Amino acid sequence: MKAMPTIKKHLISSKEHTPVYALENLTMLRMNLPKGNWLGVIERKIDRLRILTTNGEGWISTEDVAEPNQFEFKIFHDSNGMLQYGI
């Protein structure tokens, strides 16, 4: 059984269609996230972050993240009925 990575910080995506990449050098697009989607930071490397989302794991530019307002953060179901976290 694979161990769950440790979340070091909680952030949110800062723009619509925020790109999340499969590779550390920010290539091979894995998914796009809506603005305000929860990001669990696993690792930081200069200007990019290895993150975990409810949709999977990947790499994101630090320019595409923001600090969440803890009072606006909520849990909701997306259009496919999947559980999501965000603002």
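Two strands pair if DSSP finds at least two bridges between them. Helices (H or I, at least four residues) and strands (E, at least two) are DSSP runs, numbered from the N terminus. The model is predicted: local features need pLDDT of at least 70, side-chain atom pairs count only at pLDDT 80 or more, and totals for chains, interfaces and linings use all residues. Residues are numbered from 1 along each chain as its sequence is written, and side-chain values use heavy atoms, with hydrogens and water left out.

**View 1**
Strand E1 covers residues 9–13 and strand E4 residues 38–45. E1 and E4 run antiparallel, joined by four bridges. Within this pair, Leu 11 stands opposite Leu 39 of E4. E1 also pairs with strand E7 (residues 65–66). This pair is antiparallel too, and two bridges join its strands. Here Ser 13 faces its opposite number, Val 65 of E7.

**View 1**
Val 65 lies in strand E7.

**View 2. The salt bridge between Glu 24 and Lys 45.**
The side chains of Glu 24 and Lys 45 meet in a salt bridge, at 3.5 Å from N to O. The pair links distant parts of the chain, 21 residues apart. Glu 24 sits in the loop between strand E2 (18–21) and strand E3 (29–33), and Lys 45 in strand E4. A salt bridge is a side-chain nitrogen of Lys or Arg within 4 Å of a carboxyl oxygen of Asp or Glu. Glu 24 is partly exposed, at 29% relative accessibility. Lys 45 is partly exposed as well, with a relative accessible area of 30%.

How many salt bridges does a search of the whole structure find? It finds seven. One of them joins Glu 57 and Arg 50, whose side chains meet at 2.6 Å, N to O. Glu 57 is partly exposed at 22% relative accessibility, and Arg 50 is partly exposed at 25%. Both residues belong to a network of salt bridges that links Glu 24, Glu 43, Lys 45, Arg 50 and Glu 57. Asp 47 forms a salt bridge with Arg 48, the closest N and O atoms being 2.9 Å apart. Asp 47 counts as partly exposed at 39% relative accessibility. Arg 48 is partly exposed, with a relative accessible area of 21%.

Leu 26 is not a glycine, yet its phi is positive, near 60°. Leu 26 lies in the loop between E2 and E3. With a relative accessible area of 24%, Leu 26 is partly exposed. Ile 46, also not a glycine, has a positive phi of about 50°. Its place is the loop between E4 and strand E5 (48–53). Is Ile 46 buried or exposed? Ile 46 counts as exposed, at 74% relative accessibility.

How values were computed
Buried < 20%, exposed > 50% of the residue type's maximum accessible area, 1.4 Å probe, protein only.
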